[in-house]
Amino acid sequence: VLLVHGHGGTRDEAGAFVSVAAQLAAEGIASVRMDFAGCGDSNEPFSNNNLTTMLADIRAAEGYALQTIAVDTERLALVGYSMGGRLAAMRTAQQPVYKSMVVWAGSLSNGAERLQSIFGGAERYEQQKTKAQTGGVVDYTTPWGQQQQLGLQWFTDLESSRPLDAIAQYTGALLLIHGDEDDVVLPAVSTLALNAATRAEISEVAMIDGADHGFGLYSDEPELTRQLIDQTVSFLVSSL
């Protein structure tokens with residue numbers, strides 16, 4: 001199982017990915033995690049963070065796992081959180097074939113339109129993109145107060161990405177987990193993805209009541225986080 005963190009997150013995701021990895025290991029399922037550019041222990045600047053470089057990191061982590069331990073290449077899976085969900089979906093459009101995928105509050109809509117709200121709307125998004133075109137990077141503060149520098153390719157990659165199209169071609173097992181109070185990636189996005197997943201062997205949405213985009217990870221609500229982790233591990237064990 002490849003665990004793919006969200007925008008500005010880390011390979012630990014506030015301990016959630018650590019817990020998932022430990023529970024999978026107890027079931028005999030290996031996992032691998034990575035820090036993307038400018039995140040966690042990465043030594044790269046965040047300006048190198050974009051969908052292209054993150055997909056390359058996913059492939060590298062996957063290759064490392066396959067070369068290091070005896071992995072069954074017909075039983076591979078992905079877990080992606082938020083932007084990591086977009087990346088996971090996009091990875092399924094490439095080789096190898098993934099048997100199972102779990103997406104937490106995934107940014108699964110095509111293009112950039114549904115994410116422009118985190119910049120303050122379409123006009124503000126275009127202003128920030130223009131600054132990146134002019135200066136190479138633009139300073140950006142996330143809704144959670146993180147200070148980042150976004151390169152122009154962060155914007156262009158986002159605009160050209162088609163994760164929903166990848167979901168429509170995916171043939172494995174798919175679980176979409178969303179908080180019903182998420183105001184960053186609206187729950188309707190998971191419903192949209194579910195409707196697109198017509199070729200999936202299994203496809204379902206699990207809504208966690210009372211959870212926002214953080215699933216309790218950043219608001220000291222352990223019961224919400226426990227539901228998230230338990231549903232993820234249970235689905236992976238049963239579908240792999």
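**Exercise 1. In what order do the 6 strands of the open sheet stand, and is their pairing parallel or antiparallel?**

Before we start, keep in mind that this is a predicted model.

Step 1. Trace the sheet from one side to the other: the order is β2-β1-β3-β4-β7-β8. The pairing is parallel.

Step 2. Look at the two ends of that order. β2 (32–33) and β8 (202–208) are the edge strands, and each has a single partner, so one side of each has no neighbour in the sheet.

Step 3. Now zoom in on one pair. Strand β3 (residues 77–81) runs parallel to strand β4 (residues 100–104), and 5 bridges connect them. Within this pair, Y81 sits opposite W104 in β4.

**Exercise 2. Find the hairpin of β5 and β6, and say which residue in it takes a positive phi.**

Step 1. Locate the strands: β5 covers residues 137–141 and β6 covers residues 147–151. They run antiparallel and are joined by 5 bridges.

Step 2. Pick out a facing pair: T141 stands opposite Q147 in β6.

Step 3. Go to the 5 residues between the strands. There G145 has a positive phi near 90 degrees.

**Exercise 3. Where are S82 and F215 found?**

Step 1. Start with a reminder: most residues other than glycine have a negative phi.

Step 2. Check S82. Its phi is positive, near 60 degrees, and S82 belongs to the loop between β3 and α3. The cut-off for buried is under 20% relative accessible area, so S82, at 13% relative accessibility, counts as buried.

Step 3. Check F215. Its phi is near 50 degrees, again a positive value in a residue other than glycine. F215 lies in the loop between β8 and α8, and it is buried, with a relative accessible area of 0%.

**Exercise 4. Which residues of α1 and α8 meet?**

Step 1. Find the helices: α1 spans residues 16–26 and α8 spans residues 222–239. Their axes come within 10 Å and cross at roughly 35 degrees. The crossing is right-handed.

Step 2. List the partners. From α1 come A16, S19, V20, Q23 and L24; from α8 come I229, D230, T232, V233 and L236.

Step 3. Sort them by class: the contact has 6 nonpolar, 3 polar and 1 charged residues.

**Exercise 5. How are the rings of Y125 and F155 arranged?**

Step 1. Begin with the total: there are 10 aromatic pairs.

Step 2. Examine this one. The centres of the Y125 and F155 rings are 5.4 Å apart, with 65 degrees between the planes. Planes over 60 degrees apart count as edge-to-face, and that is the class of this pair.

Step 3. Y125 is in helix α4 (residues 122–135) and F155 is in helix α5 (residues 152–160), so the pair ties together parts 30 residues apart in sequence.

Step 4. Check burial. Y125 is buried at 1% relative accessibility, and F155 is buried at 0%.

Step 5. Widen the view: ring pairs link F119, Y125, Y140, W154 and F155 into a cluster.

Conventions: Residues numbered from 1 in each chain as written. Predicted model: local features only at pLDDT ≥ 70, side-chain atom pairs only at ≥ 80, totals over all residues. Heavy atoms only, no water. Axes fitted to C-alpha atoms, helices over the stretch in contact; angles between N-to-C directions. Helix = DSSP H or I, 4+ residues; strand = E, 2+ residues; numbered from the N terminus. Left-handed = near helix turned anticlockwise from the far one by under 90°. Contact = heavy atoms within 4.5 Å. Nonpolar A, V, L, I, M, F, W, Y, C, P; charged D, E, K, R; others polar. Pairing = 2+ DSSP bridges. Buried < 20%, exposed > 50% of the residue type's maximum accessible area, 1.4 Å probe, protein only. Phe/Tyr/Trp six-rings, centres within 6.5 Å; stacked < 30°, edge-to-face > 60°.
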